[in-house]
Amino acid sequence: MERVIASYLRQVWDKNDWLYEGQYGFRPEYSCERQVITVCQDIADSLDNGEKIEVIIVDFSKAFGLVPHDHLLTKIANSGVDSRVVVWIRGFILGRKQRVSAGGQLSAEVRVRSGVTQGSVLGPLLFLAYVNDIWRNMESTIRLFADDCVIYRKIINNADMEKLQKDLDRLGEGAVENAMKINRTKSKAIRFTRARVKDPLNYSLMGTLIPEASGCKYLGIILRSDLSWPDQINYTEKKAWKVLHFTMRILKKGNSNTRSLAYMSLVRPILEYGAACWDPYREGQIGALDRLQKKAVKFAHHTNSPNWETFASLRMLSRICALFKAYSGERGWKPIGDRLQRPHYLSRVDHERKIRSRRQGRT
């Protein structure tokens, strides 16, 4: 029944465009990787134009467990869904109880007065409904992946900095109004630029100065202030080696098919995640990643003659697929697709899908 209700909610909200376009969490065709690529593309465009962009990464604490039920039901009722569905959801979230087991003993039952049911089919979608209005009245760009929030703006003068601070103030006010807690100590402020800037960032959130950082991890991708990728590449390589060595230990007596399947399922996704952003161009970094695959091939097939595609070709394929999805206007790729420029004219040897070339930075 949860799946039926969730399907209905998605249909209604897609039809009336109720969900915020910048929310990528728990939505079909709005993947985590697409969110990362979109944010990185916005930053790269600014750097290529010689501009600076300042980014605030906001961390919400216990977001799923603090959702007030009455506010949630009000928002769902105002989203255009049938009133009978609202009544069903009310019965779904209200009247729940919980207790804790410790040392074989059960505590007394306690009524659940807030939050959405985690681990359920409907819970994540209800959370999206609750945070859906967080972007309203914002002048800066705000993008969300469930409760992961990033706000950024191109900074040309002091007025832009003041506008970004006002948006942070609005975010703090909205968090108080919606009973959401912001972990101000884990929030980060980063300035992306290739110029040498000595002035420190001075943004505050709910009366607390946001710590400035030269880089941070956002949705599993390490972003540096110059949008270079050595930290991300090193992190990916170490993580993949760790998983590969673990796989080699537990499958020491496994057959070739099992070892290959384990590598494809556990190790290669680590190396491919977000590769359209951080694809290396230096031979040393490319060789370090290729050595990992050679080790996996030898482990799986006891031979040094691989028949698998190289990581370089897989990363190129990932970039081409991302470009095609953006060009064809797939959902979740619209922010990038809208910026693709068509040529002013086409010659007789050109094809109708040609894209105008543009200057690229060293990122």
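**Aromatic contacts in the predicted model**

Colleague: Which residues form one aromatic cluster?

Modeller: This is a predicted model, in which local features need pLDDT of at least 70, side-chain atom pairs count only at pLDDT 80 or more, and totals for chains, interfaces and linings use all residues. Residues are numbered from 1 along each chain as its sequence is written, and side-chain values use heavy atoms, with hydrogens and water left out. The residues that form one aromatic cluster are F26, F64 and F127.

Colleague: Happy to have that! How many aromatic pairs does the count come to?

Modeller: Rings of Phe, Tyr and Trp (its six-membered ring) pair if their centres lie within 6.5 Å; planes under 30 degrees apart count as stacked, over 60 as edge-to-face and the rest as tilted. By this rule the number of aromatic pairs is six.

Colleague: Why is the pair of F64 and F127 stacked?

Modeller: The ring centres of F64 and F127 are 4.2 Å apart. The pair is stacked because the planes of the two rings stand at 15 degrees.

Colleague: How many residues apart are F64 and F127?

Modeller: F64 is in the loop between β1 (52-61) and α3 (69-77), while F127 is in helix α5 (residues 123-130). Helices (H or I, at least four residues) and strands (E, at least two) are DSSP runs, numbered from the N terminus. The pair links distant parts of the chain, and its separation is 63 residues.

Colleague: Is F64 buried or exposed?

Modeller: Buried means under 20% relative accessible area, exposed over 50%, partly exposed in between (1.4 Å probe, protein chains only). F64 has 14% relative accessibility, so F64 counts as buried.
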